[in-house]
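Morning, everyone. Please bring up the model on your screens, and we will walk through it together.

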Amino acid sequence: MANVKSNLKVLVVGGTGYIGRRIVKASLAQGYPTYVLQRPAAEIGLDIEKLEMLLSFKKQGAHLVEGSFSDFQSLVDAVKKVDVVICTMSGVHFRSHNLLLQLKLVEAIKQAGNVKRFLPSEFGLDPARMGHALEPGRVTFDEKMKVRKAIEDAKIPFTYVCGAAFAGYFVGNLSQMGTLVPPKDKVLVYGDGNTKVSIMDEDDIATYTIKAIEDPRTLNKTLYLRAPETLLTQRELVQIWENLVGKKLEKNSISKEDFLASMKGMDYAGQVGVGHFYHIFYEGSLTNFEIGKEGEEASKLYPEVKYTRMDEYLKVYA
């Protein structure tokens, strides 16, 4: 992919995280001067993996800029160095959940007054369409909407990137909860297993995100990750796997009632997960709407991106 000729400086907040490190890589690959927020020594502590990742970014040409959410002025100073801010803080409860910290970042961007585009932590289900979401998982969407409101109230130019399930969590395991690798003999199928789901390789999500940062077509809009060949039903996904390994799996269907009942007795993170899976696999909440004037679809805007098909993605697991 050709490097862009742009001096637009990009700051990634949460750059050592699951999506963040891919955004850093994509920003560098597309030729942007890339800055990564580095927490002060006291906050990093002895987290050697995080430090090694930050140093590897530096070796690849990224700039490390110190800043902390517990030191507001340091955030303002970091933001003043750049033109675009991308936040990739985790919003999943089995890792860390700190979406509302972004409100401090919004304040810092507002005070700095120089940012041409802000992309908050989104990437999954579109929170604007999840007003009906089940408890306790709806907290994710409610918090993302609070962040959106703060951005729009502050009149900060934005792009929201959302609309895909992460392949790492939904493909290798054939969408089974509680595991990341394919089942050997049996697979649990949600309902009839025929609901279309948009699933995308996380590196492709990062590539599309960076493509959008100075595109006038995505200004103050939602960029949906819904490439046609990443739209699969769970049964189609299982079929791809069966073809790869030359073996049929036993399929056990679970009704929506039984699936929701499985929440009882689960810990909080498990209940959140069940709610999100319900919206994705029973309601089809990633694909059950037309993209209107408020949004654009990534693969249509950027046909030059050769995104990963899920048969390719699954080969490494076989």
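Let's begin at Thr233. Thr233 sits in the loop between strand 11 (231-232) and helix 9 (234-245). A quick word on naming: helices (H or I, at least four residues) and strands (E, at least two) are DSSP runs, numbered from the N terminus.

Before going further, the ground rules. This is a predicted model, where local features need pLDDT of at least 70, side-chain atom pairs count only at pLDDT 80 or more, and totals for chains, interfaces and linings use all residues. Residues are numbered from 1 along each chain as its sequence is written, and side-chain values use heavy atoms, with hydrogens and water left out.

Back to Thr233: buried or exposed? Thr233 is buried, at 6% relative accessibility. Buried means under 20% relative accessible area, exposed means over 50%, and partly exposed is in between, with a 1.4 Å probe and protein chains only. What does Thr233 touch? Setting aside neighbours within four places in sequence, Thr233 is in contact with Gly193, Asn194, Thr195 and Lys196. Contact means heavy atoms within 4.5 Å.

Next, helix 1. Helix 1 covers residues 20-29 and is mostly covered, with seven of its ten residues buried. Those buried residues are Gly20, Arg22, Ile23, Val24, Ala26, Ser27 and Leu28. What covers them? The cover includes strand 1 (10-13), strand 2 (34-38), helix 3 (48-59), strand 4 (84-87) and helix 8 (202-212). After helix 1 comes Gly31, with a positive phi near 85°.

Now another glycine, Gly137. Gly137 lies in the loop between strand 5 and helix 6. Gly137 is buried, at 2% relative accessibility. Leaving out residues up to four places away in sequence, Gly137 touches Val272 and His276.

On to charges. Side chains of opposite charge can pair when their charged atoms come close. How many salt bridges does the structure hold? It holds 16. A salt bridge here is a side-chain nitrogen of Lys or Arg within 4 Å of a carboxyl oxygen of Asp or Glu.

Take Asp83 and Lys116, which meet in a salt bridge at 3.2 Å, N to O. Asp83 is in the loop between helix 4 (72-80) and strand 4, and Lys116 is in the loop between helix 5 (102-112) and strand 5 (117-119), so the pair ties together parts 33 residues apart in sequence. Asp83 is buried, at 16% relative accessibility.

Next pair: Glu294 and Arg129, with their closest N and O atoms 2.9 Å apart in a salt bridge. Glu294 lies in the loop between helix 11 (268-281) and strand 13 (295-297), and Arg129 in the loop between strand 5 and helix 6 (138-153), so this pair ties together parts 165 residues apart in sequence. Glu294 is partly exposed at 36%. Arg129 is partly exposed too, at 29%.

One more pair. Arg217 and Asp215 form a salt bridge, 2.9 Å from N to O. Arg217 is partly exposed at 41%, whereas Asp215 is buried at 9%. Salt bridges that share partners also join Glu122, Asp126, Arg129, Arg148 and Glu294 into one network.

That's the tour. Please keep the model open for discussion.
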